[in-house]
Amino acid sequence: MLKGAIFDMDGLMFDTEQVWQKNWRKIADEMNVTLDESFKSFICGTSGKLMNEVVERFYHVEDGAPIAAECIRRVHEDLASFTPEKPGIHEILEFFKSQGVKMAVASSSSIDQIRKNLENTGTEEYFDALVSGLQLSNGKPAPDIFLKAAEMMGLDPTDCYVFEDAFNGVRAGYAAGCKTIMIPDMNQPTEEIKALAYGVYDSLLDALEALRKEA
């Protein structure tokens, strides 16, 4: 059992990636843009410069920042009062708490949105650190967000699990030196992603069962 656990948020802790995708598609429809099916693979887990670059590529615009900002605004509005949970999130948080494992959220969403989602679901008490990709120069797949989360918990990254659902998140966790566990949401792992992941499970409950055997 490692000393720390770092959780991605959208699509991993909470079933919010569908809210992001709904708003990306709605904005595209309003602009008469047809999004390629691969868009969701590229946009999941991104923030800042990389998010803007993905938007520019798929929306065929020179500056993706205004579109990204509008999508973020709409998502925040949708999630203002209710955050849909992923099965097993409370159980795995309770397990880590019982084992004395420190926990952090490391998400591409804003700190305000992270706090709102935790407040809506009654999970804020579990976490020792919150990190937003918007606070950092380099978002996922760069390892910075997970390195920062480990630092804030006072732990070495190699002594931390990372829980992710997105390809860029798995790449970031691996690059940080963390044991990265993938729980697929929008996309099933490729052979590349399987090679980077410490484990791939269908749900947080399945991952919890495996961790209990390690404890």
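Mentor: Keep in mind that this is a predicted model. Let's start with an open sheet of six strands, in the order 3-2-1-4-5-6 and with parallel pairing.

Trainee: What makes strand 3 and strand 6 stand at the edges?
Mentor: Each has a single partner strand, so one side of each is left without a neighbour in the sheet. Strand 6 covers residues 199–200.

Trainee: How do you know that strand 2 and strand 3 pair?
Mentor: Pairing takes at least two bridges. Strand 2 and strand 3 are joined by four and run parallel, so by that cut-off they pair. One example is Ala 106, whose bridge partner in strand 3 is Val 131.

Trainee: And what makes strand 1 and strand 4 a pair?
Mentor: Again there are four bridges, and the two strands run parallel. The cut-off is at least two, so they pair as well. Here Phe 7 stands opposite Phe 163 in strand 4.

Trainee: Why are both faces of strand 3 called covered?
Mentor: Look at the residues on each side. Ala 129 and Val 131 are on one side, Leu 130 and Ser 132 are on the other, and all are buried. Buried means under 20% relative accessible area.

Trainee: Which residues touch the most other members of the largest nonpolar core?
Mentor: That core has 29 residues, and Phe 7, Met 13, Ile 92, Phe 96, Phe 127 and Phe 163 touch the most other members. Several elements supply at least two residues each, including strand 1, strand 4 and helix 10. Helix 5 gives the most, with five. Take Ile 92: leaving aside neighbours within four places in sequence, it is in contact with Phe 7, Phe 163, Leu 204, Leu 208 and Leu 211. There is also a second, separate core of 19 residues, with Trp 20, Ile 43, Ile 67 and Val 75 among them.

Trainee: What makes the contact between them, and how do its residues divide?
Mentor: Helix 3 brings Met 51, Asn 52, Val 55 and Tyr 59, while helix 4 brings Ala 65, Ile 67, Ala 68 and Ile 72. They divide into seven nonpolar, one polar and no charged.

Trainee: Where does helix 8 lie?
Mentor: Helix 8 lies across strand 4 and strand 5, at about 165 degrees to strand 5.

Notes. Residues numbered from 1 in each chain as written. Predicted model: local features only at pLDDT ≥ 70, side-chain atom pairs only at ≥ 80, totals over all residues. Heavy atoms only, no water. Core = buried A, V, L, I, M, F, W, Y, C linked by side-chain atoms within 4.5 Å. Buried < 20%, exposed > 50% of the residue type's maximum accessible area, 1.4 Å probe, protein only. Contact = heavy atoms within 4.5 Å. Nonpolar A, V, L, I, M, F, W, Y, C, P; charged D, E, K, R; others polar. Axes fitted to C-alpha atoms, helices over the stretch in contact; angles between N-to-C directions.
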